[in-house]
Amino acid sequence: MEPIGQHPEQRVGVFVDTQNLYHSARDYYERNVNFESLLRFAVAGRRLVRATAYVVEKEGDTSAWPFIYKLSTMGYRVRRMYLTVKELAEGGKPIYEGNWDMGIAADMVRLMPYLDVVVLGSGDGDFVEILEVLMERGIRVEVVAFRETTAQKLIDAVDRFTHLPDIPSPFMEPKSPER
C-alpha cells in the first residue's frame, strides 16, 4: 500500500540544501546525513524528474570535492557556490556567507510545469512563500529535515513533513578507527 498522497505516476523533483542538513546532523546527532537514503525516501517509487543538491564551498578548498563527486554518482545534479566575505569581524576575521535559497526557489519555479511533487531537504522557513506558490498551482510539497531545526511555519505549510531520522538509514555509518 502506498503512503497517502503518493502514487507511482507522480513526477518528483528533489531539492536538497546540503549545508542546512549537514549542520543540523552535526550539531544535534554528531553524524552525517546519508544523502542516498534521503533520495531513495524522497522518490519512493515515483518518477524522478531531477534531484539537485546545493553545495557551498570555500574557494581554493578541495576538501568538498569527494562529497560533490559522491552526490553526483548517487544521481544528484550538484550546484556549487563559493562562500563570499560578508563582512569583517573585530580583529579583521572574515565572516563568510553562502546561501542557496534564491537558487533553490528559482530551480523549483523552472521545473514547476514538469512536477507533481516537490521534496525539499531543508528546514529553512524562508522557503514557505515559494512552497505555498507551488501548492497553489497543484503541486504536492513534502519536506524532509530535522525537527529540531525546522521552522514551525514550514512544517505547518507543507503537505507532508518527515523528521529525517525517521527515514530508513538516515545517517552514514561512522568511520571505524584505523589501526
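Exposed here means a relative accessible area over 50%. With that cut-off in hand, welcome to a set of close-up views of a predicted model.

**View 1. Glu 30, a residue in the loop between α1 and α2.** Is Glu 30 buried or exposed? Its relative accessible area is 73%, so Glu 30 counts as exposed. The backbone deserves a glance too: phi of Glu 30 is near 50 degrees, a positive value in a residue that is not glycine.

**View 2. Strand β1 and its two partners, β2 and β6.** Seven bridges link β1 to β2 in the parallel sense, while the parallel pairing of β1 with β6 has five bridges. To find your way along the β2 side, look for Val 16, whose bridge partner is Ala 53, and for Asp 17, whose bridge partner is Tyr 54. On the β6 side, Gly 13 has Val 118 as its bridge partner. Why is β1 described as largely enclosed by the rest of the structure? Because six of its seven residues are buried.

**View 3. From β2 through α3 to β3.** These two strands pair in the parallel sense over six bridges. Within that pairing, Val 56 stands opposite Met 81 in β3. The chain gets from β2 to β3 by way of α3, and this β-α-β crossover is right-handed.

View 4. Strand β6 (residues 117-121) and strand β7 (residues 140-145) run parallel and are joined by four bridges. Val 118 sits opposite Val 141 in β7.

View 5. At the N-terminal end, α2 is capped by Asn 34, which has a side-chain oxygen 3.1 Å from the backbone nitrogen of Glu 36. Which residues of α2 are buried? They are Phe 35, Ser 37, Leu 38, Leu 39, Ala 42 and Val 43. The buried residues of this helix pack against β1, α1, β2, α3, β6 and β7. After α2 comes Ala 44, with a positive phi near 50 degrees. Ala 44 belongs to the loop between α2 and β2, and its relative accessible area of 36% makes it partly exposed.

**View 6. Arg 46, a buried arginine in the loop between α2 and β2.** Why does Arg 46 count as buried? Its relative accessibility is 6%, and the cut-off for buried is under 20%. The side chain of Arg 46 makes a polar contact with the side chain of Glu 142, at 3.0 Å. Leaving aside neighbours within four places in sequence, Arg 46 is in contact with several residues, among them Gln 6, His 7, Pro 8, Val 117 and Val 119.

**View 7. Arg 140, a buried arginine in strand β7.** Relative accessibility is 17% for Arg 140, and so this residue counts as buried. What does the side chain of Arg 140 reach at 3.5 Å? It reaches the backbone oxygen of Gly 5. Leaving aside neighbours within four places in sequence, the contacts of Arg 140 include Ile 4, Gln 10, Asp 116, Val 118, Asp 159 and Arg 160.

Conventions:
Residues numbered from 1 in each chain as written. Predicted model: local features only at pLDDT ≥ 70, side-chain atom pairs only at ≥ 80, totals over all residues. Heavy atoms only, no water. Pairing = 2+ DSSP bridges. Right-handed = clockwise from strand over helix to strand, strands pointing away. Buried < 20%, exposed > 50% of the residue type's maximum accessible area, 1.4 Å probe, protein only. Polar contact = N/O pair within 3.5 Å; in protein donor to acceptor, adjacent residues only side chain to side chain. Contact = heavy atoms within 4.5 Å.
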